[in-house]
Structure formats: C-alpha cells, structure tokens
Amino acid sequence: TWHLKKIPQIVSERTFSLDSPKFEAKTKLELNSVCGIECQRKLPVPSLSDLRDLLSYETVFENGTRTLTEVNVLGLVLDPAGNTTTQRSSRKKRQIYGTDSRFSIYDKRFMTNFPFNTAVKISTGCSGILISPKHVLTAAHCLHDGKDYVKGSKRLRVGLMKTKSRGDGRKRKGAKRNGMPSFQWTRVKSTHIPKGWFKGVSGDVALDYDYAVLELKRPHKRKYMELGISPTIKMMPRSMIHFSGFDNDRSGQLVYRFCSISDESNDLFYQYCDAEPGSTGSGVYLRLKEPNKKKWKRKIIAVYSGHQWVDVNGEQQDYNVAVRITPLKYAQICFWIHGNDENCTQG
C-alpha cells in the first residue's frame with residue numbers, strides 16, 4: 001500500500017542571475033569514478049545547512065540565461081543513522097548477459113497508452129518521464145557533466161511518442177501491422193538541476209542528486225505519472241521495479257523491463273535490470289494499492305541513472321543504479337512543478 005508521508009517544505013529564499021553557460025560539455029551516458037554505496041557509507045550525514053546548499057538549484061532558460069535559487073528547508077527531521085545500506089546479495093557484472101529480459105513494445109495500443117505513453121526521449125540521447133502536463137523528469141548527467149552543460153542542451157527538446165501511419169517511412173518488421181513509434185518534438189522552456197549534482201562531481205561523485213526537471217514550452221495532453229516517495233525494498237511486492245526507455249541498441253523502439261532491487265542506501269537503489277545507454281533518465285515506478293481502496297496505482301519512485309563504474313577496494317566494478325525519490329527530493333520536484341509548496345505537503 002502507498003503510505004502518505006508528511007513532506008518537508010522547500011521554500012525559495014533568493015534568486016541570483018549567473019553567467020550564461022558555455023554548453024560545451026560532451027554527453028556521457030556512462031559515468032566513471034562515482035561515489036556508490038560503499039563510498040557513501042563513509043560520507044558524513046549532511047547537516048541542515050548542507051541540505052539547504054545541496055537542494056538549492058540552477059535554472060537554465062531557453063534563451064541561454066541562467067539563475068541560481070537558494071532555498072530553505074522547513075519541517076525536516078534529520079536521520080541520525082546516515083547512509084545505512086541493506087545488503088541483499090553479492091553484485092555481479094551487469095549490462096546484458098545470458099537471456100536479454102527486455103521487452104520491445106511494438107503494439108501502438110500499448111505504446112500510446114498509460115503507462116508506456118509517459119516515456120519520452122530527450123534530444124541529448126537519454127530518456128525521461130512525464131510528471132505533469134508541462135514537466136519531464138530525467139537524469140542530471142544527461143544535461144550537465146558537473147562543470148558545464150552538454151552541447152545539445154542549449155536547444156533542448158523532448159520527444160513524445162506518436163505512431164506513424166501505415167506505409168509512412170521505411171517498412172520494418174511489425175510496422176505494417178502495428179506502426180512504429182515516431183516523435184513529436186517539443187522545445188524545453190527551462191531546466192532545473194539541484195546544486196548537489198554540481199558539488200558532487202568534483203572529488204567523490206555522489207549520484208544522490210543525479211536528477212533534473214524540464215519544463216516544456218507548451219503543455220501536452222497526455223496522461224502523466226505521479227511522483228511517489230520511494231519505499232524501502234521490504235515494502236515493495238517482490239522488491240520489483242519497472243521502467244521503460246529508448247535503449248540505443250534498439251533504435252526506434254520503446255523498451256520495457258522489470259527486475260528486483262538487490263541493494264539500497266538512503267538515496268540509491270542497486271538493481272540488475274537489463275539496460276543499455278539511452279534508457280538513462282527513465283522513470284522507475286511501482287504499482288501499489290491506494291490507501292483504503294482496492295485500486296492499484298503506479299507512481300514514480302526513482303530515476304534510472306544508468307550503468308556506472310565505481311572504484312571498490314581499488315578495483316573497478318560496475319552496477320546499474322537508480323536515484324530514489326526521498327521526501328526531500330519529492331518536496332523539491334513538487335516545488336519545481338507548482339512554483340510553491342502549497343500542493344506539496346503530503347506525498
């Protein structure tokens with residue numbers, strides 16, 4: 001069951017103008033030298049002052065101008081336990097191995113209906129998910145390498161799925177019967193990235209803040225997926241998560257997968273879903289029952305950050321990771337969507 005939680009408040013304090021970015025960084029769909037769960041165990045618990053700094057955010061607008069908004073955090077009870085982890089199984093090398101467990105969605109009845117219609121393509125090569133009539137959630141590193149914004153983010157666009165009519169474009173397997181997805185591209189009006197992403201990239205790169213929200217120039221008229229606060233592994237049915245994205249090795253296809261989570265920290269999920277670059281930024285979701293109802297509901301509880309390499313005891317190891325939506329991140333993303341905290345008291 002989804003359990004409602006009281007959400008801390010994120011309130012805007014001051015907004016400053018910054019110099020325009022250079023937009024010269026290269027897009028990296030895989031990150032190296034990042035601070036994963038082992039590294040996180042050694043990190044100190046952030047203070048309230050730290051959190052105010054980490055949750056302050058940059059906004060880049062369509063015309064290339066940039067601002068920094070400082071925030072305050074109200075009503076937060078700090079967890080003294082810090083970055084605790086729950087080890088469930090030994091990790092293994094994971095991209096695609098053995099039987100590929102991904103499903104390509106060909107049938108337009110599924111492709112253009114909920115929940116698959118919420119998946120979008122980002123023009124920098126990543127995926128994302130619709131979270132309001134005008135907002136898309138994706139991974140921060142799809143837009144920024146920690147020092148500068150990536151080249152393609154200056155004229156950022158979001159591709160919403162539509163289906164080609166029969167006989168339109170090249171014929172592909174299954175196209176005549178069902179139609180293959182094409183995209184209706186929409187310009188991005190502004191982009192929000194938490195300051196924690198910029199701070200973490202020098203030195204130990206923490207993935208905790210690898211998320212961003214894009215505001216579209218005009219609203220879409222599709223069903224979107226609501227945000228939810230990420231439960232712990234033991235509160236999930238069979239610890240199972242789902243996500244859909246546009247993997248590079250299956251061009252023009254929407255790819256769906258589900259798998260169990262194997263390990264978690266306060267801010268990250270380790271999982272072994274088969275995934276290739278291109279699916280980075282996908283919205284990870286669960287299906288749980290609504291309180292006091294028989295109805296099931298899907299909500300986004302994490303952002304798929306991608307296949308990552310980390311240094312563990314002097315050796316490079318790889319894993320797939322998703323950034324959890326904690327109460328604080330829920331408050332921040334909700335604030336970005338609504339422009340105030342009035343609609344963000346419970347999640």
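A residue counts as buried when its relative accessible area is under 20%, as exposed when that value is over 50%, and as partly exposed in between (1.4 Å probe, protein chains only). Keep that in mind as you look around this chain, where buried residues make up 55% of the 347 residues. What you have is a predicted model, so local features need a pLDDT of at least 70 and side-chain atom pairs count only at pLDDT 80 or more, while totals for chains, interfaces and linings use all residues. Residues are numbered from 1 along each chain as its sequence is written, and side-chain values use heavy atoms, with hydrogens and water left out.

**Overall build and confidence**

- The chain has six helices and 19 strands; helices (H or I, at least four residues) and strands (E, at least two) are DSSP runs, numbered from the N terminus.
- The average pLDDT, which is the predictor's confidence in each residue on a scale from 0 to 100, is 80 for the chain, and 79% of the residues score at least 70.
- Another stretch with pLDDT below 50 is residues 167-177, with nine contacts beyond near neighbours in sequence.
- Take the contacts between residues at least 6 apart in sequence: 75% of them join residues at least 24 apart.

- Leu-288 sits in strand β17, and its relative accessibility is 3%, so it counts as buried.
- Which residues does Leu-288 touch, leaving out those up to four places away in sequence? They are Thr-1, Trp-2, Met-235, Pro-237, Lys-295, Trp-296 and Lys-297.
- Thr-1 is 287 residues from Leu-288 along the chain, but their C-alpha atoms are separated by 5.2 Å.

**Aromatic pairs**

- A pair of aromatic rings is described by how far apart the centres are and by the angle of the planes.
- The rule here is that rings of Phe, Tyr and Trp (its six-membered ring) pair if their centres lie within 6.5 Å; planes under 30 degrees apart count as stacked, over 60 as edge-to-face and the rest as tilted.
- The count by this rule is 10 aromatic pairs.
- Phe-116 and Tyr-256 have ring centres 5.5 Å apart and planes at 85°, so they are an edge-to-face pair.
- This pair links distant parts of the chain, 140 residues apart: Phe-116 is in the loop between α3 (108-111) and β7 (119-122), and Tyr-256 is in strand β15.
- Phe-116 counts as buried because its relative accessibility is 13%, and Tyr-256 counts as buried at 14%.
- Tyr-211 and Trp-336 make a tilted pair, because their ring centres are 6.2 Å apart and their planes are at 40°.
- Here too distant parts of the chain are linked, 125 residues apart: Tyr-211 is in the loop between β12 (205-206) and β13 (212-216), and Trp-336 is in helix α6 (residues 327-338).

**Empty space: a pocket**

- Rolling a probe the size of a water molecule over the atoms shows where empty space is left.
- On a 1 Å grid over the protein atoms alone, a cavity is a set of points where a 1.4 Å probe fits but cannot get out, and a pocket is an open set with protein on both sides within 12 Å along at least five of seven lines; lining residues have an atom within 4 Å of a point.
- Grid points are joined across faces, edges and corners, and a volume is the space filled by probe spheres set on the points.
- The second largest pocket holds about 280 Å³ of space.
- Of its 13 lining residues, Met-240, His-242, Tyr-256, Arg-287 and Arg-298 lie nearest the centre of the second largest pocket.
- β17 gives the most to this lining, with three residues.

- The largest cavity is lined by 14 residues, with Val-60, Ser-153, Lys-154, Leu-156 and Thr-191 closest to its centre.
- Strand β11 supplies the largest share of that lining, five residues.
- The second largest cavity has a volume of about 50 Å³, and its lining includes Leu-29, Glu-30, Tyr-304 and His-307.

Conventions. Contact means heavy atoms within 4.5 Å.
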